[in-house]
Amino acid sequence: DSSNADVANFTWTKFFKNMATFKGDLSSLTAPPFILSPVSLTEFSQYWSEHPDLLLATNNKGQQFEPKFDDVEYTDELNQFLFVVRWFISTLKSQYCSRNESMGSEKKPLNPFLGEVFVGKWEHEEPLGTTFCLSEQVSHHPPITAYSIFNDTNEVSLQGYNQAKLNFSSAMLSVKQFGHALLKVGKTNEYLITVPTLHIEGLMAAAPYVELESKTYIQGSAGHFAVIEYTGKGWMSGKKNSFKCKIFNCKQDYDNETKPLFVITGQWSGLSTMYTGDDEKKKKNPKTFYDAAREAKDVLSVKPIEEQNELESRRAWKDVAEAIKEGDFNKIHQTKTVLEESQRALRKKEEEAGHKWETRWFDLVPVDEDHNTGFVKLSSLAQLSMEDVPSGTIAGSKNEAKWLVNDKVAKHWRFNRQKWDEETEIKI
Ligand SMILES: CCC(=O)OC[C@H](C)CC[C@H]1O[C@H]2C[C@H]3[C@@H]4CC=C5C[C@@H](O)CC[C@]5(C)[C@H]4CC[C@]3(C)[C@H]2[C@@H]1C
């Protein structure tokens, strides 16, 4: 009824007023209740594998990638690289559209507390075993989530971390992503994947949704290099959620503007088509690469709340999530305050006892001590910055210099498998 509409309008305008001065991260964004999501940001790590079959298919074990083009010379590494690109494209709809699908629009996720964890698994038909998902809020100021998704049976493991820096300018909310993903397949093959800048469209229409911009780079340890360029509605392609992916034998071929081996174009939230580098211009011999709309996602299985540890997200946020689902303003505020107060008390106690919070399954590793991952090698191959700058920043670029605060050694969050193996309290 009109009073509700008035409330909604009032909060939108009030919201824009305080957004106009808004800078920074999730915690300082005060949003009206109807835009709040009952889901914590720690849960977003599962969006890297809601098609676990495509993640596991990256360990292709010599299998030929389909669709196959007759005039291309395939190697096992090239095939594997194509499986990696298809898995990555398949993650985007979950990452950036799942709230629109489940709640009608993008919403503001719950801002995880330090040490909050979210764990679950995908159980597969034999012989594919189980894929585990671990997510941990390794920092609260600024909010940083680290994740690890691994399947020992199939020898595929993904790890990474994410920090989102929000910036509101001229009624547009833009989001710079920091961090990256590292995929390990089998004993030796590794892939570095960067994450794109995004912005929120539809804010004025009170139906916000994510549009991606800029690029993703994928660098394989065998040399293969992919550049994925994102565009949206009203840009060149005219359709929202569009991308063009060019695949090369190596970064140098991209730099020298050598014809790509393959070109993939379409929508990451829908249908995409694959061509060889020769055929793309003439739109000759197109083959379906992936159809995001057709593939049912495999939802992560998570323990019932009563079996969860107090640090697990859905248990910790249970009362707040219920208040949000009820749309009960006061109860949201009251239940949030309870959680925030208990966190503040915990921090104070730590301070008095003189001990810092220990992260549980992830370590913050200086880049010159990062010997357990291929990050340094892959970043060098792709000539990407290893500094603490937005994901996908080119090494030595003006952009890198702009974001560099001082010459401190960059550190990156890394999964410590031994800490997980020694975990006794949190079960999946
Ligand atoms: C009243 C308007 C209002 O409050 O608007 C809030 C809007 C919904 C916009 C702000 C929020 O939008 C959310 C979108 C979130 C990103 C979505 C996907 C990802 C990918 C994932 O791998 C890492 C996290 C990331 C980048 C999310 C970060 C947080 C975002 C930007 C939320 C905004 C607070």
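Contact is taken here to mean heavy atoms within 4.5 Å. In the predicted model, residues 24 or more positions apart account for 57% of the contacts in the protein with a separation of 6 or more. The protein contains ten helices and 19 strands, and its C-alpha trace spans about 65 × 55 × 50 Å along the principal axes. The radius of gyration is 22 Å, which agrees with the value near 22 Å that a compact globule of 428 residues would have. Buried residues make up 52% of the 428 residues, while the accessible surface comes to about 20100 Å², of which 52% belongs to carbon and sulfur atoms.

The second largest pocket holds about 450 Å³ of space. Of the 19 residues that line this pocket, Ser157, Gln159, Lys184, Asn372 and Phe415 are the closest to its centre. Two or more lining residues come from each of strand 6 (144-151), strand 7 (156-169) and strand 8 (172-185), and strand 7 gives the most, with four residues. By class, the lining is made up of six nonpolar, seven polar and six charged residues.

Tryptophan 413 is found in strand 19, which covers residues 411-415. Because its relative accessible area is 9%, below the 20% under which a residue counts as buried, tryptophan 413 is classed as buried. Apart from its neighbours within four places in sequence, tryptophan 413 is in contact with Val138, Ile144, Ala146, Gln159, Tyr161, Thr359, Phe362, Asp363 and Leu364. The C-alpha atom of tryptophan 413 is separated by 26 Å from that of valine 299, and these two residues are 114 residues apart along the chain.

Notes: Residues are numbered from 1 along each chain as its sequence is written. This is a predicted model: local features need pLDDT of at least 70, side-chain atom pairs count only at pLDDT 80 or more; totals for chains, interfaces and linings use all residues. Side-chain values use heavy atoms; hydrogens and water are left out. On a 1 Å grid over the protein atoms alone, a cavity is a set of points where a 1.4 Å probe fits but cannot get out, and a pocket is an open set with protein on both sides within 12 Å along at least five of seven lines; lining residues have an atom within 4 Å of a point. Grid points are joined across faces, edges and corners, and a volume is the space filled by probe spheres set on the points. Ala, Val, Leu, Ile, Met, Phe, Trp, Tyr, Cys and Pro count as nonpolar, Asp, Glu, Lys and Arg as charged, and the others, Gly among them, as polar. Buried means under 20% relative accessible area, exposed over 50%, partly exposed in between (1.4 Å probe, protein chains only). The radius of gyration is taken over C-alpha atoms; the globule rule is 2.2 Å times the number of residues to the power 0.38. Accessible areas come from the Shrake-Rupley method with a 1.4 Å probe; for residues, only the protein chains shown count as cover.
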